[in-house]
Amino acid sequence: MRERGRKGMNWKHRHVLDLDKWERDDIQHIMDQSRSMDELLDRPIKKVPALRGKLVVNLFFEASTRTRVSFELAEKFLSADVVNWSASGSSTSKGETLRDTAWTLESMGADAVVIRHGAVGSADYLARKLKKSVVFNGGDGGHAHPTQALLDVYTAWKKFGALDGAKVAIIGDVLHSRVARSGIIAFSKMGARVSLSGPATLMPKAVDTLGAVYEEDPVMAVNDADIIYLLRIQRERQDEGLFPSLDEYHQLFGADKSLLEHARPDAMVMHPGPINRGVEISSEVADGEQSMILGQVRSGVAVRMALLYVCLGGAKQ
Ligand code: CP
């Protein structure tokens, strides 16, 4: 599209919906752009005029702290005009459809829409219905959370550099996790090996088609891992008891100090948040020296700035 990025590369993704069609170079370009944005975050005055005159609407049908606030900060640091829309108090409660809501906002001049929605495919649907606005998927049901995956890869890339051959152990409720699905795609495209662990009832059927291996025993999964990535149990997306109790889950699959001993000594502990202390992660590990959980939050601002900048043509301003 508009922006020229890495040498000889044209940016070709109008929207950010999923990462399955992205190439490694696309991800690497966002890493490079994110590093520049990250440097801006250290400045006393973080605001730059790159998106002055652009209007971004944040359309959140589901709860969010990190994604919503970091997108809003990213938009404001790039000087875009920002409208925060939430389902409660909107005309959605009077029966207005997603399509009509989006058309209404586009008619008011939205250059971009960030959407989080409980329905799989909602971001793709919006991208097909909107003529001018760029769509950023902030999480659609259990399907994809591409900006989370990019910020996770960025966090790891910042520490380790190239991720070729690195081992990523993702532990928990993979079945219901859009974060895991997008993370497997992104880490694999950057050359990392992904092992999944957790109760068999919380695993997708064909793990190998995702480009990952399943090791039920978390000790095996974290063996020699560079990154240990814990997932939240997504009770809101489960309609039946898929494991006996939270206590038992913690005993078998929760990350504590003893599990970390099987990973590399400099392994990073990651979690997309929000965390359930004492369930998928102990407080000792969440707050420990190896935890990058708050680093991921900071990366979220830089990576979303990079995505907004690249997709909204900031380089041309
Ligand atoms: N990781 C993540 O998507 O967090 P929020 O639900 O708080 O946005």
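How much space lies in the largest pocket? In this predicted model, the largest pocket holds about 360 Å³ of space. A pocket here is an open set of points on a 1 Å grid over the protein atoms alone, where a 1.4 Å probe fits, with protein on both sides within 12 Å along at least five of seven lines; a volume is the space filled by probe spheres set on the points. Of the 21 lining residues (those with an atom within 4 Å of a point), Arg 116, Arg 178, Arg 232, Gly 273 and Pro 274 are the closest to the centre of the largest pocket.

Residues with a heavy atom within 4 Å of the ligand include Ser 64, Arg 116, His 145 and Gln 148.

A side-chain N or O atom of Thr 67 lies 2.7 Å from a ligand oxygen, and a backbone N or O atom of Arg 66 is 2.9 Å from an oxygen of the ligand. At Gly 273, a backbone N or O atom stands 3.2 Å from a ligand nitrogen. The protein buries 92% of the 250 Å² that the ligand exposes when taken alone, by the Shrake-Rupley method with a 1.4 Å probe.

The second largest pocket contains about 180 Å³ of space, and its lining includes His 13, Trp 22 and Asp 124.

Residues are numbered from 1 along each chain as its sequence is written. Local features of this predicted model need pLDDT of at least 70, and side-chain atom pairs count only at pLDDT 80 or more, while totals for chains, interfaces and linings use all residues, and side-chain values use heavy atoms, with hydrogens and water left out.

Notes:
Polar contact = N/O pair within 3.5 Å; in protein donor to acceptor, adjacent residues only side chain to side chain.
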